[in-house]
Amino acid sequence: MFSKILGRSILSVVVLVWAFLSLIPFNDRPFNDYIEHRPTACVDEFSGLLSRAKLRMKLGQFPSLFVALKEIAKDETIDLATYFPDIKLQDIKNIEKKNKILMNVLLRESKGRLKQGLDLKGGISFTLKIADKTFENKDRDMRSKQLDRAIEIMQHRLDGMGVAEPIIRTRGSDEIEIQLAGISMQDNPEIVDVVKRPAKLEFRLVHENKPPNGNLKSVPIGYELMFSEYEDHQTGEIEMIPYYVKKIPEMTGRMVKNAHATMNQYGGFEIGLEMKSPEGVERFAKVTKDNVGRALAIVLDGNLYSAPRINGEIPNGMASISGHFSQREAIELSNVLNNPLEFELELTEIQEIGPSLAEDAKTSSIYAVILGVSLVILFMIAYYRASGLVAVISVLSNALIVLGLMAMIGATMTLPGVAALVLTVGMGVDSNILIFERMREELALGRRMSAALAAGYDKAFATIFDANITTLLSALILIWLGTGPIRGFGIILSIGIFATMFCALVLSRALMAILIDFGFENLLKTHRNEVKTFDFLGKQKISAILSLTVIGVGLFAFVVRGDGIYGIDFTGGDEMTLQFQEKLNSNDIEKIAKENGVGEVGTVYRKNIKDLGEVLCLQTKEGKGKLLFQKLNERYPQAQLKIVQESSIGSSMSGKIKWNAICAVAVSLLMIFAYIALRFEIGFGIGALISTIHDILATIGIYILLGKQFSAPMVAAILMIIGYSINDTIVVFDRIREELHFNPTITLKEVINYSINCTLSRTILTSFTTFLAAFALYCFRLGVVNDLALIFIIGIFVGTFSSIFIAAPIFYRWHRGDRRTVEIR
């Protein structure tokens with residue numbers, strides 16, 4: 001017994017320490033300050049280099065100290081790694097490549113481990129215009145399709161680069177706006193080029209008889225002169241080698257199925273290519289078979305990367321692009337090759353954007369988080385006493401582990417993410433409540449506290465396991481099929497599931513066992529072993545009528561309001577860029593918009609990279625921008641607002657993202673049904689499926705009836721409701737399965753009613769703690785967080801209702817009230 005407690009305790013401490021260390025440093029440190037104290041060798045020499053870099057930056061030669069150091073080191077062939085010997089780069093011989101990798105490592109070290117989103121921290125915004133020649137002789141539909149395709153490609157590229165939750169949408173009829181969180185153009189000047197490069201890949205033959213030999217002017221007809229860099233792997237020196245390369249390619253990147261970064265024999269990185277089957281494989285085999293002995297040039301965006309000699313036919317369709325790539329460059333290039341553009345994009349505008357959440361709103365959000373967590377803590381301690389304190393420690397540890405894992409994988413924390421974390425605290429106590437209620441049942445039978453602890457965990461384990469596995473299946477489907485914020489939500493949900501199970505089954509049990517060993521025998525108040533016998537199944541007709549009425553009225557409201565239920569994230573709208581003399585608070589702008597019927601408004605301050613002039617950008621539904629501008633001028637004449645630019649903006653939730661979200665929900669529901677049908681029985685699966693669909697429709701219906709609009713975070717909220725609903729249903733179903741085994745003589749109706757009554761206290765307690773957290777968020781009226789909290793409050797009531805009055809009656813109806821059909825199956 002002692003060894004198990006010790007093992008769980010040590011594991012818990014190790015995990016918590018790791019999670020805490022994963023979050024250090026908590027905040028970003030200015031790179032200029034960080035780099036000044038970072039060198040571990042030749043400190044005085046580096047200080048002189050730093051002074052020169054600062055001087056040239058002040059003279060306007062470089063946009064930042066980061067760029068200044070890189071460029072000076074490049075011009076003077078300085079190996080910066082000599083000042084940072086603790087960063088192991090000795091195997092890289094090329095100084096320029098080594099410096100580039102080193103500076104990126106130092107920049108990453110200066111940043112806080114947990115990334116913050118656009119709403120909390122800001123970032124950059126740039127606009128890309130599709131080249132005019134691309135739209136020549138093309139109608140409006142074709143142009144729209146090309147724009148949509150470009151947005152889809154950008155989304156995949158940024159997902160592949162690990163950029164979390166970017167905003168991508170159209171501006172006007174031929175431009176794409178991209179917003180990236182936590183990125184500065186001063187330190188990442190190449191980010192735009194990486195995103196917008198076409199990635200036009202060609203396989204071309206090299207002239208076999210006339211390689212350039214001194215005279216580079218006599219280029220054979222049909223060929224052009226190109227140069228490839230060759231790196232000496234012993235010295236790191238670069239040599240430019242000329243080739244006559246055929247102008248017409250033998251193959252293009254259209255025949256490439258997949259590109260991936262891989263390590264070569266020298267420890268460097270290259271891009272492995274896999275051709276499409278069968279056409280790409282067959283074409284590549286023919287090209288290599290017909291040209292044995294010749295060199296095949298690999299040309300990307302007009303640059304010759306390598307020209308390997310063909311030694312024989314390559315029938316498997318595998319090739320590689322060698323070059324002077326760092327690991328990051330190889331990953332980025334393979335990502336771009338997997339998502340090639342068919343046309344060129346021109347950079348027309350670039351700005352740094354401030355956080356969309358005002359400072360006072362940030363403060364309010366912190367208060368909301370503190371209030372929500374405090375309410376849950378106070379309730380748990382008041383109701384469960386010492387055991388409640390254990391549950392609180394478990395849940396707070398859960399939140400710490402989630403944040404640590406988010407930092408480790410580079411996930412981004414946004415304000416909706418903060419809200420979800422608070423709700424996780426509310427939901428996280430569910431496993432502890434389930435265990436505690438089982439323990440109280442055992443104590444009521446006369447067991448000692450240690451025996452009740454073991455029995456409580458044993459009996460609750462299957463329920464906790466099944467509930468979390470079904471939610472995990474949904475999360476994995478969202479990661480697989482989802483993109484952008486949908487995929488991000490799936491990742492965070494998966495992290496939360498593992499953290500919840502660890503804290504409930506390992507950490508909490510270790511703490512409870514330690515307290516019992518120290519003589520705390522009154523960890524839980526026992527209650528009389530009496531189960532109420534309320535006839536829930538007898539109310540199934542009333543509950544069915546109520547549910548159908550709510551869903552029907554909600555669907556009617558959905559049809560009547562039409563596109564009015566969608567926010568700017570879904571429909572797009574107008575964007576006005578304003579000059580000002582006095583800054584306006586975003587909360588005040590939202591208040592005026594609400595008072596004058598403008599509806600949803602997006603507010604963000606942007607700073608032009610070139611002239612550092614700051615402007616205010618307002619995003620509204622179509623046709624509402626001028627009204628808002630007029631009302632703002634009337635209320636704040638001292639701001640001297642002036643319109644600089646007006647444009648239309650497209651949806652940030654592309655058709656592809658919306659369709660993927662719908663598919664993800666549909667497949668998740670099918671997977672939940674399949675798991676429960678196999679783990680329990682098909683009747684249970686039918687009940688769970690119908691009750692979850694009921695919860696989705698009822699929650700959306702009530703939300704629409706309240707006059708609310710759907711934004712991108714609302715999609716994540718609906719997905720979270722699915723997890724909450726199925727968790728509630730599994731608890732009831734698991735008890736029904738258990739009672740069927742232990743009570744073989746009573747009818748199916750009696751089993752169901754008894755099981756619901758047994759789990760009723762757990763259902764009410766979990767719903768109440770989650771409600772406390774959601775209600776705290778709702779009370780602070782923080783825009784999108786307020787809507788998230790509202791939709792979750794609705795989901796709590798709907799989910800609790802369905803687990804009692806929908807799922808169990810459907811199961812009962814499926815078997816026509818005959819327990820024998822359940823037992824046979």
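Student: What does His260 touch, leaving out residues up to four places away in sequence?
Tutor: In this predicted model, His260 touches Glu270, Ile271, Gly272, Leu273 and Ser334.

Student: Which strand is His260 in?
Tutor: His260 lies in strand S9, which covers residues 256-263.

Student: And how far is His260 from Leu333, in sequence and in space?
Tutor: The two are 73 residues apart in sequence, and their C-alpha atoms are 8.6 Å apart in space.

Student: Is His260 buried, exposed or partly exposed?
Tutor: Its relative accessibility is 32%, so His260 counts as partly exposed. The buried class stops under 20% and the exposed class begins over 50%.

Student: OK, Glu202 next. Where is it, and is it buried or exposed?
Tutor: Glu202 is in strand S5, residues 201-205. Its relative accessibility is 11%, so Glu202 counts as buried.

Student: Which side chain does the Glu202 side chain make a polar contact with?
Tutor: That of Arg204, at 2.9 Å.

Student: Switching to helices. At what angle do H20 and H24 pack?
Tutor: The angle is about 140°, and the axes are 8 Å apart. H20 is residues 682-705 and H24 is residues 807-814.

Student: Why are H20 and H24 called oblique?
Tutor: Roughly antiparallel needs an angle over 145 degrees, and roughly perpendicular means 65 to 115. At about 140°, H20 and H24 are therefore oblique to each other.

Student: Is their crossing left-handed or right-handed?
Tutor: The crossing of H20 and H24 is right-handed.

Student: Which residues make the contact?
Tutor: H20 supplies Ile682, Gly683, Phe684, Ile686, Gly687, Ile690 and Ser691. From H24 come Ala807, Ile810, Phe811 and Trp814.

Student: How many of those are nonpolar, polar or charged?
Tutor: Eight are nonpolar, three are polar and none is charged.

Student: What about H17 and H18, how do they cross?
Tutor: Their axes cross at roughly 115° and come within 10 Å. H17 is residues 586-595, and H18 is residues 625-635. This crossing is right-handed.

Student: Which residues meet there?
Tutor: On H17, Ile589, Ile592, Ala593 and Glu595. On H18, Leu628, Lys631, Leu632 and Arg635.

Student: How do they divide by class?
Tutor: The contact of H17 with H18 has five nonpolar residues, no polar ones and three charged ones.

Student: Now Asp734. Which helix, and buried or exposed?
Tutor: Asp734 is in helix H21, residues 712-742. Asp734 is buried, with a relative accessible area of 5%.

Student: What is Asp734 in contact with?
Tutor: Setting aside neighbours within four places in sequence, Asp734 contacts Lys459, Ala462, Thr463, Asp466 and Phe680.

Student: Last one, the whole chain. How many helices and strands?
Tutor: There are 25 helices and 19 strands. Of the 825 residues, 53% are buried. Among contacts with a separation of 6 or more, 76% join residues 24 or more positions apart.

Notes
Residues are numbered from 1 along each chain as its sequence is written. This is a predicted model: local features need pLDDT of at least 70, side-chain atom pairs count only at pLDDT 80 or more; totals for chains, interfaces and linings use all residues. Side-chain values use heavy atoms; hydrogens and water are left out. Axes are lines fitted to C-alpha atoms, for helices over the stretch in contact, and angles run from 0 to 180 degrees between N-to-C directions. Helices (H or I, at least four residues) and strands (E, at least two) are DSSP runs, numbered from the N terminus. Angles under 35 degrees count as roughly parallel, over 145 as roughly antiparallel, 65 to 115 as roughly perpendicular and the rest as oblique. A crossing is left-handed if the near helix is turned anticlockwise from the far one by less than a right angle, and right-handed if clockwise. Contact means heavy atoms within 4.5 Å. Ala, Val, Leu, Ile, Met, Phe, Trp, Tyr, Cys and Pro count as nonpolar, Asp, Glu, Lys and Arg as charged, and the others, Gly among them, as polar. Buried means under 20% relative accessible area, exposed over 50%, partly exposed in between (1.4 Å probe, protein chains only). A polar contact is a pair of N or O atoms within 3.5 Å; within protein, one must be able to donate a hydrogen and the other to accept it, and residues adjacent in sequence count only if both atoms are side-chain atoms.
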